Amino acid sequence: MSIDVDVETLASQGLSREILLNLLNLASDAIILLNDDGRIFSFNRGAETVFGHSESDLIGKSVNVLIPQSFHQAHQQYLHTFKQADIESRAMNSRRPVNGVRKNGEVFHLDAAISKIRLADQWVFMVIMRDISESEQILAELQHYKLHLEDLVEQRTVELCNLNQELEAFSYSVSHDLRAPLRSIDGFSQALLEDYSDSFDELATDYLWRLRRASQHMGELIDNLLILSRVTRYDLSFTTVNLSQLCQKIIPEIVQLDPSRRVNWLIPDNISCWCDEKLCEILLMNLLSNAWKYSAREAQAEIEFGVKMIDQETVFFIKDNGVGFDMAYVDKLFVAFQRLHGGDEFKGTGVGLATVYRIITRHHGRIWAEASVDQGACFYFTLLKG
Amino acid sequence: MNQPILLVEDNSDDELLTLRAFKKSNILNRIDVVRDGQEALDYFNRQGLYVQRSVEENPELILLDLKLPKVDGIEVLKFIRGCDQYNNIPVVVLTSSDQETDIDYCYAIGANSYLCKPVDFNDFMRCVQQVGRYWLLMNVTRAKTVETKKQETTGWA
């Protein structure tokens, strides 16, 4: 059989004390009861945790034990005023934090609420206190981090600007100073070949041609590296770009490298994309040039540009029927200076696909490849999600 | 008699290669070479080494490198375009730099053409040949007139 339970019932059953002690010890805040002259007569577990004293040590002692010496007088005054005041209680948030002292001497901040009850001709004070030293510390740290973060962002921005300027100066220097000696090597080799051809035998002539080829190759390397570094720093401007038209613009440039080759270009009309036109021209130039280069041995080369939906994503692709590559090395494909074919087999600088990769990254897209040896290669890429 | 071509070039290899390219292209103008920006200014102001230079022998074409000791090519170009006496002379910037900022700036301050020196000497030859053919033979240069003096903008040949 059940009975309706309320506070009155519990009190009538003589349970007031149990309820009181239970409540006191459940609370994690410090709850202290003081008599009229400020001596402690109840000190809950929360108080024990906060102050480090045990209840038995403090019963009968002045509350001053919990207050730093310098505040004793002020506190006395405060209790006195509160006794006289018309109000019954002061809430926690209505006052500034108060100072407490732990058993180990550490002074710390507390939020405190106080109320008074008149018992016979005496006052009884109930004080609830919350240790806010930890949250204050966290707040202070947060504030510190916030300020520090702003400083840090500013500092990093300056560093980044400097670095960019340095890079600018570096690539300027590369573009200007590194080409000049190459021009000399190539130019004077050529002068020797032209003006002194009678004095050179076949071997010497071969050496001179090697000098020329090497300097021209390094010239290409410098050009490609500069493109790679510019792609990184370049400010993108997005428009709707007709990629099909871009391909049609690029193809004649590639074809003139060897007009005798038989290549079937499959470029559907009006494939468009929201992207940076200049970078995408470099992207398509690189991928189409690769397709052209690596399909050189086919009697009838086929190079296809297209688009398809894969998992609701627009994926572009450039496919050829050339020599392909071994998928075991696919990881090295987009790393600068890494090549999957020897320079004698297929010329190249190893920078093209690194540039492609960077252009894709700057568009927040992805690129991947599928190939197998002598079965052609297909490069898939996405440009911006959605 | 043809007017000379002025080559502003600090790299002696590039100088030699350019002279060779002109020679091989049968461009027979005398080529005056100055090797830094200050020397170029002296040439135009007929100072220093060029006190004796005759006004009658102003260049017909100026080939200007950008990266020069002392005074750079940009300053030289600004001087030429700010000078009534010379601002009708075609200036072809011939440099290794293909930096967009350089290219844009040179055109903005009155370069007539901007060419990036190729590494491959045969390409370089073709480049010099065409510069000579176009600017010395085909191009008709504006005469210096009083009106150009009144114009606030820098002159374009």
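Colleague: In the hairpin that β5(A) and β6(A) form, which residue in the turn has a positive phi?

Modeller: This is a predicted model, in which local features need pLDDT of at least 70 and side-chain atom pairs count only at pLDDT 80 or more, whereas totals for chains, interfaces and linings use all residues. Residues are numbered from 1 along each chain as its sequence is written, while chains are lettered from A and ligands numbered from 1 in the order in which they are written. The hairpin of β5(A) and β6(A) has 2 residues between its strands. With a phi of about 55 degrees, the residue in question is A:Ala120.

Colleague: How many bridges join β5(A) to β6(A)?

Modeller: Helices (H or I, at least four residues) and strands (E, at least two) are DSSP runs, numbered from the N terminus, and two strands pair if DSSP finds at least two bridges between them. β5(A) covers residues 107–119, and β6(A) covers residues 122–131. A:Leu119 stands opposite A:Gln122.

Colleague: Which residue of β5(A) stands opposite A:Asn99?

Modeller: β4(A), residues 98–101, runs antiparallel to β5(A) and is joined to that strand by 4 bridges. These strands also form a hairpin, with 5 residues between them and A:Gly105 in the turn at a positive phi of about 95 degrees. The residue of β5(A) opposite A:Asn99 is A:His109.

Colleague: What percentage of the 386 residues in chain A is buried?

Modeller: Chain A has 10 helices and 13 strands. A residue is buried if 20 or more other C-beta atoms lie within 10 Å of its own, exposed if 12 or fewer, and partly exposed in between, with C-beta atoms placed from the backbone. By this criterion, the buried share of the 386 residues is 25%.

Colleague: Are α6(A) and α7(A) roughly parallel or roughly antiparallel to each other, and why?

Modeller: Axes are lines fitted to C-alpha atoms, for helices over the stretch in contact, and angles run from 0 to 180 degrees between N-to-C directions. The axes of α6(A) and α7(A) come within 9 Å and cross at roughly 165 degrees. Angles under 35 degrees count as roughly parallel, over 145 as roughly antiparallel, 65 to 115 as roughly perpendicular and the rest as oblique. The two helices are therefore roughly antiparallel.

Colleague: What is the distance between the axes of α9(A) and α10(A)?

Modeller: The crossing of α9(A) and α10(A) is left-handed, a term used if the near helix is turned anticlockwise from the far one by less than a right angle, with right-handed if clockwise. The contact includes A:Leu283 and A:Leu287 of α9(A) together with A:Val356 and A:Ile359 of α10(A). The helices, residues 277–294 and 352–362, pack at an angle of about 140 degrees, and their axes are separated by 9 Å.

Colleague: How many residues of the side of chain A that touches chain B come from α6(A)?

Modeller: Two residues are in contact if their C-beta atoms, placed from the backbone, lie within 7 Å. The contact takes 15 residues from chain A and 16 residues from chain B. On the chain A side, the elements giving two or more residues are α6 (133–195) and α7 (202–233). The largest share belongs to α6(A), with 12 residues.

Colleague: At roughly what angle do the axes of α6(A) and α1(B) cross?

Modeller: Among the residues that meet here are A:Arg183 and A:Gly187 in α6(A) and B:Asp13 and B:Leu17 in α1(B). The crossing of these helices is left-handed. Their axes come within 9 Å, and the crossing angle is roughly 45 degrees.

Colleague: Which strands stand at the edges of the open sheet in chain B?

Modeller: The sheet has 5 strands in the order β2-β1-β3-β4-β5, with parallel pairing. Each edge strand has a single partner strand, so one side of each is left without a neighbour in the sheet; these strands are β2(B) and β5(B).

Colleague: Which residue of β2(B) stands opposite B:Leu7?

Modeller: In β1(B), B:Ile5 and B:Leu7 point one way and B:Leu6 and B:Val8 the other way, and all are buried. Opposite B:Leu7 stands B:Val33.
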